[in-house]
Amino acid sequence: MGVSFMVEVYYYIPAEEVENAVECGLKLSVWFDKEVHIGHDKKKCLSALLNPKDDMEKYRSESLRCVKLELYPRYCFVADRYLYEVGLNHPEVMKLYLDSVMPIENYTFGLYRLPECLVTSTVIGDQISLLDRRLDSPILIDKSEELYLNNLIEDYKEENPGFNDTLLYYYYCNLVQKGKLIKIEEEGKDIVVFLDNEIGRAYTIKKPKNE
């Protein structure tokens with residue numbers, strides 16, 4: 001019979017609760033923050049993170065501490081938290097949130113912009129430890145959001161060789177509207193020059209085909 005591997009997820013709790021959590025655990029009926037349809041059942045869930053830096057406000061908070069939870073994967077599901085937040089006011093998006101829920105072992109890093117781990121069981125004290133940012137097991141990615149955006153950009157670059165130019169063209173056009181750059185273009189020419197007079201630099205960008 002194979003040994004079940006454990007997954008590590010992260011959860012922020014008030015500093016004064018840490019000692020009690022490590023000793024007594026986190027009771028699901030007390031700590032759950034949402035109820036989600038998973039499969040055929042509506043389950044109480046505690047929303048943890050796959051990366052402690054996915055919530056920088058909590059990461060920098062003086063009043064909260066990050067604890068590491070070591071859990072059996074059968075109690076862990078990953079969903080897209082941004083879809084949940086938008087879905088609170090838009091039922092069609094909440095349906096997409098529910099569709100995004102998957103067992104943690106099926107999740108690929110970078111798939112969701114803000115992945116949350118839905119923990120569906122009480123967590124005992126033995127499975128909880130205070131995160132030591134210096135000594136703890138290394139986090140493979142700095143922030144899920146960064147990986148998500150990089151993956152999107154890489155996908156579009158594969159489909160469209162001119163994607164970088166298009167991206168920069170619209171970004172620089174936005175800076176022109178804000179008065180930070182000057183745009184110089186000639187009719188019939190593919191290349192547009194954006195001037196930053198403040199630092200004396202010119203950026204040459206290929207114009208997107210539909211412009």
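**View 1. Aromatic pairs across the predicted model.** A search of the whole structure finds 10 aromatic pairs. Rings of Phe, Tyr and Trp (its six-membered ring) pair if their centres lie within 6.5 Å; planes under 30 degrees apart count as stacked, over 60 as edge-to-face, and the rest as tilted. Y107 and Y112 make a tilted pair, 5.4 Å centre to centre with 45° between the planes. Y107 and Y112 are both buried (buried is under 20% relative accessible area, exposed over 50%, partly exposed in between; 1.4 Å probe, protein chains only). This is a predicted model: local features need pLDDT of at least 70, side-chain atom pairs count only at pLDDT 80 or more, and totals for chains, interfaces and linings use all residues. Residues are numbered from 1 along each chain as its sequence is written, and side-chain values use heavy atoms, with hydrogens and water left out.

**View 2. An aromatic cluster.** Which residues do ring pairs link into a cluster? They are Y169, Y170, Y171, Y172, F194 and Y203.

**View 3. Charges over rings.** The charged end of K44 sits over the ring of F32, at 5.3 Å from the ring centre. R74 places its charged end over the ring of Y72, 4.9 Å from the centre. The criterion is NZ of Lys or CZ of Arg within 6 Å of the ring centre and within 35 degrees of the ring normal.

**View 4. Strand 4 and its partners.** Strand 4 (residues 64-71) pairs with strand 1 (residues 7-14) in the antiparallel sense, over 8 bridges. Strand 4 is also joined to strand 8 (residues 128-130) by 3 bridges, again antiparallel. Two strands pair if DSSP finds at least two bridges between them. Helices (H or I, at least four residues) and strands (E, at least two) are DSSP runs, numbered from the N terminus. E8 has E70 of strand 4 as its bridge partner. For K68, the bridge partner in strand 8 is S129.

**View 5. The E8–K68 salt bridge.** The structure holds 11 salt bridges (a side-chain nitrogen of Lys or Arg within 4 Å of a carboxyl oxygen of Asp or Glu). In one of them, E8 meets K68, with the closest N and O atoms 3.8 Å apart. E8 lies in strand 1 and K68 in strand 4, so the pair ties together parts that are 60 residues apart in sequence. E8 is partly exposed, at 33% relative accessible area. K68 is buried, at 8%.

**View 6. The R113–E145 salt bridge.** R113 and E145 form a salt bridge, the closest N and O atoms being 2.7 Å apart. R113 lies in the loop between strand 6 (102-103) and strand 7 (115-119) and E145 in helix 6 (residues 144-159), so the pair ties together parts that are 32 residues apart in sequence. R113 is partly exposed, with a relative accessible area of 30%.

**View 7. A salt-bridge network.** Salt bridges that share partners join D33, K34, R81 and E116 into one network. Within it, the side chains of D33 and K34 meet at 3.8 Å, N to O. Is each of these two buried or partly exposed? D33 is partly exposed at 39% relative accessibility, whereas K34 is buried at 7%.

View 8. E17 is found in the loop between strand 1 and helix 1 (18-24). E17 is partly exposed, with a relative accessible area of 30%.
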